[in-house]
Every structure is written in C-alpha cells, then in structure tokens.
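The structure comes first, then the walk-through.

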Amino acid sequence: MIPQKALSSSIGSKFLIALTGLSLVLFLVAHLAGNLLFIAGPDAFNHYSHSLISNPLVYGAEAGLLALFVLHIVKTVWMFAANRTARPERYAVRKWARKKNPSSRKTVASTTMILTGSITLLFVITHLVTFKFGPYYETAEGIRDLYRLQLAVFSDPTYVGFYLFCMAVIFFHLWHGISSAAQSFGIDSPHWTPRIIWTARLVTALLAAGFGLLPVFTFALSVN
Amino acid sequence: MTVKLRVWRQTGPGQPGRMVDYVAHNVHPDMSFLEMLDVVNEDLIRKGEDPIAFDSDCREGICGSCGLVIDGIPHGPDKGATTCQVHMRRFTNSETITIEPFRARAFPVLKDLVVDRTAFDRIIAAGGYVSVNVGGAPDANSLPIAKDVADQAMDSAQCIGCGACVAACKNAAAHLFTSAKITHLGLLPQGEAERSRRVIRMVAQMDGEGFGSCSNEGECEAVCPKEIPISNIARMNRDFLRALIR
C-alpha cells in the first residue's frame, strides 16, 4: 500500500493524530519542568530561559513543534468534518450507552475534543503573544527577564482566571486524548489497558495541577 | 399495558421521513419488543394503513437482522441483547417509546425502520475470508491452537453483523465490526497467511463505504449484543500498522 494513502486512511489518520498529540504532551512535560524553576527564583528561571532561547537549536525545535501542531490540527479538523458527513441524518433521541453497559469510555471530555482543541489553539496563540512576543525586560546581566514578565502578567487576577480556565480545558482534552492515543497505536491488553487509562489520567491531572499552580503562585508572589 | 410510540416513517429510499405517533393497546409485559410491533402492525393493516416496516428473522438474538434504536440506544436498554430479546416488561405503562432506524450514510434507510446494511457484506467480500482448498477436513489436532487464543477468536466470531456498533458510534464508524472479523480470522493459523492483505483491503473498503473514524469512546462495545470489546479495534490498528511496514 502507498504510505501516503495509508496515512490518510481512518486508522492511519488516527495514528498521526495520536503520534503528534503524544509528542505535544511530551513537550508539555518538558515545558512544565522548565516553568517550575520559577519557584526557585529569578536567577534560576532567567538563566534557564536564556540558555533555552539563546541556543541555535531552538529554531529547529520550534519548527518541529509548529509542524506537530499543524499536522494535529489539520488531521483532526479534516476527520471531524468527515465524521459529520458519515451521519447526515441525526437521531431524534440520543442517549449515551453507559447506563446500558458501563464498559463505555465515553465522557464529557471525549465528546468535546474538537471544542477543547479549538480553545487550546486560541490559548496557545494568546500565550505566545503574551510571553514569547510580549514585552522585553532585561536583567542587570543583560539577559531577558522573563521572571519579571511572568510576575507582571499574573499580577492581573483576570489573566490568572483566564489561564486557569484554559488549563481546565487542556485537562479535559488530555483526559481522553492520552489514553485514546494508546488505543490508536493499537496498544491494548486486558492487564495493561486499565493501567494505561489511569496512568494517562494521572499524568493529565499532574500536568494540569502543575500548570495551574504557577499562575496562582505568581499572583500570590505579586500581591506580597 | 398501553404504550405510546413515536416511530420513524419513511416511504422509500431517499424519501423524506417523519416521526409518527401511535398508541399500542393490549400489550402484554411478556411480549417481545418485536411482538408488540407485530400487534401494532396488525391493527394498522386492519385499518387499511401501511404497516411499520422493520427487519427481523430468528427472533432469538443470533441472526443479526433486527436492529432498532429504542429511546436513543441501539437495541434498547438491555445489556448484551438484540432488539428481539427486549421485552415489554422493561417499559412502564403509558410510557412513550421513540423508535428510529440505525442512522449512517453507509446504512441508507430503505423503508421506515429498515436500513440497507450491504456495506458490511462488501467489507467482508474485500477480505473477510480464508482461502483454503476444499477437500477432507484435516484432523483437528494437526493444528494446535492455544486455548486462550481459540477463546478470543471465538469471542470475536460472535459478531452477528447487526450494525449496532455503527448506530451507536458518534462518527458512524464500522471499526468494531471490521475489527471483530479481522481478529476472528487473524488470530487463527488458517487466517495468518492473508492477515496483512486482509486488514489493508477491509479497512480500505470500510473507509470507502463512508463510515466514520474511531474516537475510542467504546459506545459500540456498550451496545454490542455480543459484547465484543474495543480491544478488537486496537488489534486491527496494530495489524494495519504492522501490515504497512511489512
């Protein structure tokens, strides 16, 4: 089979969506690990961010991330549209089958993936405008003072609220997304599947808690 | 007991349809759901009206002919049961029951509650078989198969091709049906020879029929009268990806 044709099949598309999605989750883990240095103070945080943005390899990494985002979005939007046409006439009455049989994995999270994904995209754009392309403060050493920028941004409780809302949205997206990716890869066994689902949900909860903690911590710091 | 029905009526393929209200009197709680519809139809015929068209054959849950969406759930409220195995005692007196056909682009409505499921036949024709020479059956012990593998293949072989998985899926995907066939054949030594070709051809046919994609929600498994798990879909995904790199 021609690889291009295989990757546009229903299974190949889901494989690509899962692969790009999980890669973005790995990015989130690294991103959170770096961001948590904020707690260690301005020097640690600014030196870390300086070493990151002054590294020439960062451009390649950014291009890679952009490619992951674009592929994930293009594939999911295309698939969403195709799935809508697969049922042109809607049901008059529609119920979830969970009551009939609790084996169903359908959740609010799994039914709102396109919505939570769209909000995440808007958030990422806002996030880049606020931080990456935001005001340029300099430290006494002459490197970018992102610590000061973060302090300034999260001193506004409205922005803290917006940020927490977006973290909740991403939490929902990953609640279904990570374990769904395992299924799309074909990873399944009676022993491992329940463990994969719970591990995926734990990782999701830890990521959301970590990313949610930072704006609250920063706000508390700015108030003091 | 008496029940109120809201039934999808459609005169033919491609025709506009609508929900029509009926009242079913003298319904015995021990009647099957289809027997209740038979009684309603007898009444309609007496009145000179067109009876409600619906599929049924064995009426004991093994043929896969029947399939109605009852109050928003394919095959109705009972776990691991087909429409014909649902009894009226599951409903309360004067309850309103909504009955619709399975909805999918690949399952066009022929009349009322009858849909055309030949898309499934074409998926099977694309690769859901084993090519073996006819002749005397070999001795069963000449092909040892581990008990758990044989059990798993039998579990997947239970699929009766009713299409409830498609009806329940928000994307009208046929992944559970196709994967059950692929698993049933692929797990056994007789099916191994065509394993890669089978998965590629059946998936291509499935996509070509206009079914949607799998969102890994498992609503299909929940409504499947044979309770076939979505681990079959994971296996199909695995087989498909494996076939690509071979």
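## The salt bridge

This is a predicted model. B:Glu217 makes a salt bridge with A:Lys106, and their closest N and O atoms sit 3.1 Å apart. The count of salt bridges between chain B and chain A is one.

## What chain B brings to the contact

Several elements of chain B each supply at least two residues to the side that touches chain A, among them strand E5 (96-100), helix H7 (195-208) and helix H9 (231-244). H9(B) gives the largest share of that side, nine residues. Sorted by class, the side of chain B that touches chain A has 29 nonpolar, 14 polar and 13 charged residues.

In total, 56 residues from chain B and 39 residues from chain A take part in the contact. The two chains bury about 4000 Å² between them, with 51% of it on carbon and sulfur atoms.

## Aromatic pairs

Over all chains, the whole structure has 19 aromatic pairs. One of them joins A:Phe123 and A:Tyr163: the ring centres are 5.4 Å apart and the planes are at 75°, so this pair is edge-to-face. A:Phe123 sits in helix H6 of chain A and A:Tyr163 in helix H8 of chain A, 40 residues apart. Both A:Phe123 and A:Tyr163 are buried.

In chain B, B:Phe120 and B:Phe177 are stacked, at 3.6 Å centre to centre and 0° between the planes. B:Phe120 is in helix H2 and B:Phe177 in helix H5 of chain B, so the pair ties together parts 57 residues apart in sequence. B:Phe120 and B:Phe177 are both buried.

How values were computed:
Residues numbered from 1 in each chain as written. Chains lettered and ligands numbered in written order. Predicted model: local features only at pLDDT ≥ 70, side-chain atom pairs only at ≥ 80, totals over all residues. Heavy atoms only, no water. Contact = heavy atoms within 4.5 Å. Buried area = accessible area lost by both parts, 1.4 Å probe. Salt bridge = Lys/Arg side-chain N within 4 Å of Asp/Glu carboxyl O. Helix = DSSP H or I, 4+ residues; strand = E, 2+ residues; numbered from the N terminus. Nonpolar A, V, L, I, M, F, W, Y, C, P; charged D, E, K, R; others polar. Phe/Tyr/Trp six-rings, centres within 6.5 Å; stacked < 30°, edge-to-face > 60°. Buried < 20%, exposed > 50% of the residue type's maximum accessible area, 1.4 Å probe, protein only.
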